[in-house]
Amino acid sequence: MVEDKTPTTLEQKWAQRAFCAVDKVSHKSDSGDFKKSEYLSFAKSFPNLIHSCGLIQALAFAQSKNKTVFLADLSFVMNGEKKYELIIEESRKATITKYLQLSRHTLAAAEWIKRYAEALLKEDGDHNDSCS
């Protein structure tokens, strides 16, 4: 089998990672501190939160509301790691140019999570499962 060496774009990487992250959420069971419906609701609202409040405040709000699963997924989509504390720290210490770039990247990653959450976390739970 020949491995495809075609480069992927950053958007493609984010889309693939977002699909995998949200797919894992779709297979989780609701528990005391985690509910899929709350994840979906927060995923839908987070991009608007970045637009209206700015990146640092949006991340701080998510952290204060204990949205750690969402933040870990956001970090995974952006960096391939679930250490969301790094994004929060980076956003606090970044120069204005880096902060603007980080805001754009975070917004794009959050939009991918939002789209896949809308697609995969439907009430009926019916979706294709092709993430390995």
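Here, Ala, Val, Leu, Ile, Met, Phe, Trp, Tyr, Cys and Pro count as nonpolar, Asp, Glu, Lys and Arg as charged, and the others, Gly among them, as polar. With that in hand, welcome to a short tour of this predicted model. The stops are the largest pocket, with a volume of about 200 Å³, a residue with a positive phi, N66, and the aromatic rings, which form seven pairs.

**The largest pocket**

- By residue class, the lining of the largest pocket holds five nonpolar, two polar and five charged residues.

**The backbone at N66**

- Most residues other than glycine have a negative phi.
- N66 is not a glycine, yet its phi is positive, at about 60°.
- To locate N66, look in the loop between α3 (55-64) and α4.

**Aromatic pairs**

- A pair of aromatic rings is described by the distance of the centres and the angle of the planes.
- The structure has seven such pairs.
- One of them joins F42 and F46, with 5.6 Å from centre to centre and 40° between the planes, and it is tilted.
- F42 and F46 sit four residues apart in helix α2, about one turn of the helix, and both are buried.
- W112 and Y116 make a stacked pair, because their planes stand at 20°, under the 30 degrees that the term requires; their ring centres are 6.0 Å apart.
- Helix α6 (residues 96-120) carries both W112 and Y116, again four residues apart, about one turn of the helix.
- W112 counts as partly exposed because its relative accessibility is 24%, and Y116 counts as partly exposed at 22%; buried would mean under 20%.

**A ring cluster and a charge over a ring**

- Ring pairs connect Y39, F42, F46, F61 and F70 into a cluster.
- Elsewhere, K82 lies over the face of F76, at 5.6 Å from the ring centre.

Technical notes: Residues are numbered from 1 along each chain as its sequence is written. This is a predicted model: local features need pLDDT of at least 70, side-chain atom pairs count only at pLDDT 80 or more; totals for chains, interfaces and linings use all residues. Side-chain values use heavy atoms; hydrogens and water are left out. On a 1 Å grid over the protein atoms alone, a cavity is a set of points where a 1.4 Å probe fits but cannot get out, and a pocket is an open set with protein on both sides within 12 Å along at least five of seven lines; lining residues have an atom within 4 Å of a point. Grid points are joined across faces, edges and corners, and a volume is the space filled by probe spheres set on the points. Helices (H or I, at least four residues) and strands (E, at least two) are DSSP runs, numbered from the N terminus. Rings of Phe, Tyr and Trp (its six-membered ring) pair if their centres lie within 6.5 Å; planes under 30 degrees apart count as stacked, over 60 as edge-to-face and the rest as tilted. Buried means under 20% relative accessible area, exposed over 50%, partly exposed in between (1.4 Å probe, protein chains only). A charge sits over a ring if NZ of Lys or CZ of Arg is within 6 Å of the ring centre and within 35 degrees of the ring normal.
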